[in-house]
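Biologist: I would like to go through the domain layout and the backbone geometry of this chain. Please show the sequence and structure before we start.

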Amino acid sequence: MHADPDAAESVAGSADPDGADSAAAVAAAVAAAVEPVLAAVAGAADPEALRTTAAAALGRKGALSALNHRLGGLSPEDRRGAGAVLNEARDRLQAAVAARRAELDAVARAARLEADRLDLTETLPGPVRGSLHLVTQTRDALEDTFVGMGFVVAEGPEVESDWHNFAALNMPPAHPARSNFDTLYLDWGPPESALLRTHTSPVQVRLMRDQPPPIYAVMPGRVYRKDTPDARHTPSFSQIEGLVVDRGITFGDLAGTIDTFTRAYFGPGITSRLRPAYFPFTEPSAEFEITCTICGGAGCRTCSQTGWIELGGCGMVHPNVFAAVGIDPEEWTGFAFGFGIDRLAQMRHAIADMRVLADNDLRFTTQF
Ligand code: 2U9
């Protein structure tokens, strides 16, 4: 709503028909003209409407201008009074227009800011609870089992010397058993003197050199072999080995320890058996098998209908190994065993292809 421009004419023309205009008549005309304009200014919906309304009241051809012309017909005294009324009316209108303009500017500015606002917030899903890798979980459970049986846990370096990995374990240079381990050598020192350990046995060697018997320890850790990856091989895997050295240790202690572990880890119903084998670092040596965890011993495809699955190897520590580390084999005897942690996890969770353990594909790792 804004003031009717024609109102200027009607206001201006309200002079006494006798020509005897008065200050009171002009003041009344001013009051009558101003109030609707003030309402129109306050109600101007946008700057354009406000401009039109202001022009109709205050412009050269506006209502106040027309009233101003009437001042000429008044006596000097009336002119002063009416002039003051007019000036005051003009001031009020101008102030009202300025106030409304400020309001409309603020509204327009707020609308512009709202339209220009960039939403820089990003909605992220909440933090996901992670979990240990299956191999780590398996290693932890194995450590718990062996600690519960009285063993301590020992660790050693993954970069080893030829002596710790081979020579001390009754495999002197050029020993044919070395070819069983496809070794990754480091380009450091004399040729083939530094290597990535092929088993955790060098940790046992270090332990025996560092501390006198008795020893009851397990050595879990990562080992490396130059194998081409396939469903049953990865060039790096984890294994756990155990070593017992004390007075009067027998093969019976070895068999009992393997069987106690098997029942403790796999639960009742799963037992173990030993079959003769050869390892250079143990004599006599054996492979140990456990009841097939898939069929419970009845015979299935996984165990080739035998009811048994091979898990690892074991044996009595070879006298040459004791000699290499300075332990008197007349006073001390001992046994050792070893098996793959990845292989254990594979059996327990029926994992068809070992390579998924190294892939770090979340679709696999988050299942455990
Ligand atoms: C010392 C003396 C003897 C540890 C042994 C095995 C047999 C064995 C493998 C099974 C699968 C490791 O993961 S695997 O490749 N281990 O068959 N390990 S006896 O014998 C030792 C170790 C250290 C000083």
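This is a predicted model: local features need pLDDT of at least 70, side-chain atom pairs count only at pLDDT 80 or more; totals for chains, interfaces and linings use all residues.

Biologist: How many Å separate the centres of domain 1 and domain 2?

Modeller: The protein chain is divided into domain 1, residues 5–115, and domain 2, residues 134–365. Taken over C-alpha atoms, the separation of the two centres is 103 Å.

Biologist: A cis peptide bond joins P213 and P214. Where does P214 lie?

Modeller: Omega for the bond between P213 and P214 is about 5°. Helix α8 spans 201–210 and strand β4 spans 215–224, and P214 lies in the loop between α8 and β4.

Biologist: The peptide bond from E283 to P284 is also cis. Which strand holds P284?

Modeller: For the bond from E283 to P284, omega is near -5°. P284 falls within residues 282–291, which form strand β7.

Biologist: E192 has a positive phi. Is E192 buried, partly exposed or exposed?

Modeller: E192 is not a glycine, yet its phi is about 60°. This residue sits in the loop between α7 (162–165) and β3 (194–196). Its relative accessibility is 48%, so E192 counts as partly exposed.

Biologist: Q305 has a positive phi too. Is Q305 buried or exposed?

Modeller: Q305 is not a glycine either, and its phi is about 65°. The residue lies in the loop between β7 and β8, the latter spanning 308–317. The cut-off for exposed is over 50%. Because its relative accessibility is 56%, Q305 counts as exposed.

Terms used: Residues are numbered from 1 along each chain as its sequence is written. Side-chain values use heavy atoms; hydrogens and water are left out. Domain bounds come from an automatic or database domain assignment. Helices (H or I, at least four residues) and strands (E, at least two) are DSSP runs, numbered from the N terminus. Buried means under 20% relative accessible area, exposed over 50%, partly exposed in between (1.4 Å probe, protein chains only).
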